[in-house]
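Thanks for coming. I will go through a few charge pairs and one interface, and then stop.

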Amino acid sequence: MIKITNLEKYYKTEEVKTIALNKLSFEVKEGEFAAIMGPSGCGKSTLLNILGMLDDPDGGSYLFNGIEVANFNERKRANLRKHNIGFVFQSFNLIDELTVFENVELPLIYTGVKPADRKARVDEVLEKMQIMHRRKHFPQQLSGGQQQRVAVARAVVNNPKVILADEPTGNLDSSNGNEVMDLLTELNEAGTTIIMVTHSEHDAKFSHRIIRMLDGQKVTENVLV
Amino acid sequence: MFKNHIKIAWRNILKNKGFSIVNLIGLGIGVCACLLISLYVVHESSYDSFVPNSENIYRLQSPYSMSDFDDVGVHFSANMASTMQSEFSEVLKAGRINDVQSFPGAGENEIQINSVPRQFHEEKFAYADQEILDIFSIPFIEGDAKTALYQPNTLVLTESMAKKYFKDESAMGQTIILNGNNDRPYTVAGVMKDFPENSHMDYNFLLTLKDMEFSEGEQTRWFLSNYYTYLELSEGTNTEEFEKRLSQTMIRKYLKPAYLKAGFDMAVNLEENMSLRVQPIEEIHLYSSDVSYEVGKRNDIQVVITFAIIAIFILLIASINFINLSTAKSAKRAKEVGLRKVVGSNRRHLIFQFLSESVLVSIFAFFIGFFLSVVLLPFFRTATGLELSIPLNEPLFYLVFVGMAVLVGVLSGIYPALFLSGFKPIDAFRSKSEQSRTIFNLRSALVVFQFVISIVLIVGTLVINQQMDFILNSKVGFEKDQVLQIYGTTTISDQISSFKEELKGVDGITSASISSFLPIEGTRRNGNSFSKAGKWNIDPAIGGQAWYIDEDYLQTLGITLLEGRNFRGKSDSGNNTTIINQEMAKQLGLENPVGKQISRFNDLYEVIGVVEDFKYQSMKNKVEPLSFYYGLTPSIVSVKLNSGSVERTMTKIEDLWKEFAPNQELRYEFMDESFAQMYRNVERVKTVFSIFAILAIFIASLGLFALSAFMIEKRRKEIGVRKVLGASTASMVKLLSSDFMKLVFIALLVAIPLAYYFMNSWLQEFAYRININIWVFVLSGMAVLGITFLTVAFQTIRSSVLNPIKSLRSE
């Protein structure tokens with residue numbers, strides 16, 4: 001599904017060049033649940049941004065579903081992204097001016113789904129995430145756990161092949177956190193590939209494989225059973 | 001998709017109430033100002049466009065230039081029209097109008113209906129040919145427009161006059177007598193529609209020119225120029241080529257020989273000095289400022305252009321608020337942009353979304369502006385003196401209005417849209433989306449631009465006000481206070497001397513004088529040529545006025561006699577004596593004028609006195625040569641009142657008037673009011689200019705207020721930290737306002753030369769004018785600095801009195 005080879009990314013200021021990713025290589029197969037761990041500043045988030053096609057690498061290769069996307073321009077990336085990738089963020093990142101329903105509906109609007117189909121699909125996902133009763137509320141009116149469930153609903157509404165989750169439980173208490181992890185596990189069991197960046201050993205245990213990083217490089221890879 | 005955009009736009013408007021209010025109110029006021037000014041501009045540009053076939057109708061003009069004298073004449077001899085028609089096949093019709101007041105019947109009259117003795121005063125009389133009705137296709141209510149002025153002694157009056165005097169009766173065939181002249185009764189031969197407000201012609205009564213000859217040879221002499229001449233040219237006439245042939249033929253074949261024969265030797269060079277032009281009637285209203293001696297409510301294209309520019313500037317200032325506030329609050333929208341991109345939006349979608357928002361705001365603002373305009377229209381009508389109305393029945397109006405709303409929305413939204421949609425999603429998520437330097441500079445440039453416009457407008461307002469004060473209060477060389485002008489005294493001309501004598505006997509009246517010539521525009525004028533004695537036709541003559549006055553004139557109007565003597569009375573009648581002004585003496589080069597002789601045309605006059613120059617025309621013009629002669633011109637009696645009870649004196653004057661003219665109402669005006677009337681137009685420009693200058697400044701301040709709020713919001717943490725470290729509120733105000741103050745200084749540097757240039761060229765219109773004083777700029781600069789400082793200081797103090805912990809915690 002995802003294969004990166006010798007991926008490189010630098011950040012340059014006027015005088016200093018910081019290496020964020022240093023010839024990083026790994027592969028995530030379709031249907032896999034991979035966790036990426038490491039201390040702050042090791043390049044986890046940079047990696048996730050590149051995998052999510054929000055940023056482009058400075059070197060190396062990135063094959064998504066067998067297609068080389070490292071040199072894609074913004075438009076091509078956006079197009080590939082909206083059909084294939086869902087995002088879940090630590091800080092939920094819902095649009096405050098839109099209701100729960102409208103937030104979840106947004107990706108469907110951008111992929112051109114017809115209004116009637118959109119409503120059916122959004123209702124289905126909200127039902128599944130058990131926040132149907134909150135569909136007309138605005139994000140500020142929800143608890144953190146509920147907000148993250150909305151974010152997950154938004155990430156999956158388009159049936160993406162891959163979900164990229166950046167510390168999805170980072171802003172949640174443990175019980176809400178577990179609920180979100182259960183949701184991700186369910187999605188994975190239903191066939192969605194998941195790549196999750198986390199600090200939490202507890203959360204990492206939900207995955208099949210843990211990739212540990214330090215200074216932009218892969219240190220170890222543990223396969224969990 | 002579009003619904004979603006509208007929805008989020010609406011919620012954004014509601015969520016950022018302060019921002020939205022500034023945008024909506026600012027833009028709304030801008031739209032209102034723009035709409036009102038547009039009504040004015042459209043009205044002023046629409047003159048005579050309602051005339052069918054207006055594109056082929058012209059008025060004859062003759063630009064004339066001599067060494068230091070340039071003028072454009074619009075009056076021609078009586079035979080010009082018919083001669084042109086027989087000479088040139090492209091002249092389909094030619095017609096004349098004579099409204100020169102010295103022709104009895106033209107201008108103002110006392111009228112009697114049928115044989116009823118009661119006299120009414122009416123204005124706007126002119127003599128006209130039947131061809132005028134034809135050329136202008138003047139619509140008729142009664143009578144036949146094709147023949148109405150075809151018979152001698154007929155007249156056509158307007159619908160409103162017909163209603164006034166004949167009510168529901170038909171006006172046709174009724175008799176009207178002018179100034180008690182029973183020998184020449186006029187028969188009403190037609191009722192025409194009133195001339196629309198945007199007509200350069202404005203008459204209530206058209207008297208036929210058929211068989212008229214005002215004096216011997218008046219209809220055939222080429223050098224007696226009293227007629228406006230209108231032409232209808234055949235479709236597709238090349239006017240430039242036509243004018244060339246017209247000038248050649250008419251001047252060479254007719255004018256020059258006639259002038260030379262009459263003894264005007266200067267006409268030798270007439271072909272070089274004079275030409276004939278045809279002016280499209282639609283241009284008469286706005287492009288006749290070079291024409292002197294024209295009565296009517298002409299405007300100057302410069303004034304119209306100035307107002308149009310102000311309208312655009314006001315809208316620009318409001319739009320700049322929109323741009324600045326949108327980019328300033330970009331940080332708040334950055335997250336949303338990032339998210340939308342993450343879930344699949346591309347840049348096009350986002351640009352479209354932001355544009356929908358700005359168009360929505362703009363449409364709202366246009367509605368607010370529309371309703372404001374409806375409410376303010378009556379005041380604007382008073383300010384402009386025009387019957388303006390919003391063309392609600394015109395579909396085009398709605399189209400243009402909505403089109404403008406969308407255009408303003410797109411233009412003011414495009415920059416923020418491009419800017420916001422350009423955020424990269426990963427940058428957008430970093431809590432501080434860095435403002436690039438270029439944005440700040442662009443915003444500063446726009447703020448400077450707003451300040452520049454504001455400063456120029458403030459300077460403009462101050463200078464116009466000063467100039468007006470200068471005109472109204474400056475020494476004019478005559479006493480205009482406590483002087484009463486009694487009009488319409490022509491009807492008692494046989495007893496006018498005894499009326500005057502009795503007036504002089506009334507308690508409270510210092511003196512009284514009979515003369516139709518007064519230093520007030522709209523009273524009688526004439527043009528004469530003068531030269532030193534014996535130099536007639538040898539030296540180039542000078543142009544000047546020849547006024548007929550009585551022995552009490554100088555005293556009544558407080559005009560100073562510098563040397564020589566005043567007229568003594570009837571003994572000076574016909575004895576070829578004259579009193580001249582200083583300018584006349586100067587231009588004729590007379591060292592000690594008293595006792596010398598001057599030529600007026602071919603006649604010699606002895607100078608018996610010299611008066612100090614007094615300003616007898618609008619101060620836009622320099623005082624020109626003037627000479628007085630003893631004689632009775634009985635249409636106006638001027639009365640000087642002493643400072644006692646004006647009311648009691650007025651009652652006595654009215655009683656006296658009733659004795660002399662029992663059938664005519666007393667019609668009078670105080671001279672200081674008539675004097676102010678001369679400057680009504682400038683006064684209006686002043687009012688309108690001041691109003692819109694204040695509006696522009698208000699909108700700019702509104703924007704500044706909101707912008708500084710955003711800038712300070714962004715620096716809340718800094719303010720908190722500084723406070724924790726011990727900064728005082730005063731030092732915070734200084735720190736935060738200095739950025740804006742710098743912009744004001746830059747704006748001042750740009751605005752002062754600009755304002756100086758514009759106002760100086762405006763002042764050139766006036767022969768008597770103020771010098772632009774340095775303090776005008778100081779005051780304008782202080783005003784803008786003050787407004788800026790107060791605005792920013794208010795915001796700073798508000799945020800710096802907050803508990804710093806609060807601002808730090810919220811980070």
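Glu102(A) and Lys7(B) join their side chains in a salt bridge, with N to O at 2.9 Å; the term here is a side-chain nitrogen of Lys or Arg within 4 Å of a carboxyl oxygen of Asp or Glu. Between chain B and chain A the count is 2 salt bridges. This is a predicted model, where local features need pLDDT of at least 70 and side-chain atom pairs count only at pLDDT 80 or more, while totals for chains, interfaces and linings use all residues. Side-chain values use heavy atoms, without hydrogens and water, residues are numbered from 1 along each chain as written, and chains are lettered from A and ligands numbered from 1 in the order written.

Now the interface. 22 residues of chain B are in contact with 23 residues of chain A, contact being heavy atoms within 4.5 Å. The buried area is about 2,200 Å², and carbon and sulfur atoms give 60% of that; buried area is the accessible area (1.4 Å probe) lost on putting two parts together, summed over both. Of what chain B buries against chain A, Arg11(B), Val343(B) and Ile426(B) supply 25%, more than any other three residues.

Over all chains, the structure holds 38 salt bridges. One of them pairs Glu108(B) with Arg667(B), closest N and O atoms 3.5 Å apart. Glu108(B) sits in strand β4 (residues 107-113) and Arg667(B) in strand β23 (residues 667-670) of chain B, so the pair ties together parts 559 residues apart in sequence; strands are DSSP runs (E, at least two residues), numbered from the N terminus.

Notes:
Helix = DSSP H or I, 4+ residues; strand = E, 2+ residues; numbered from the N terminus.
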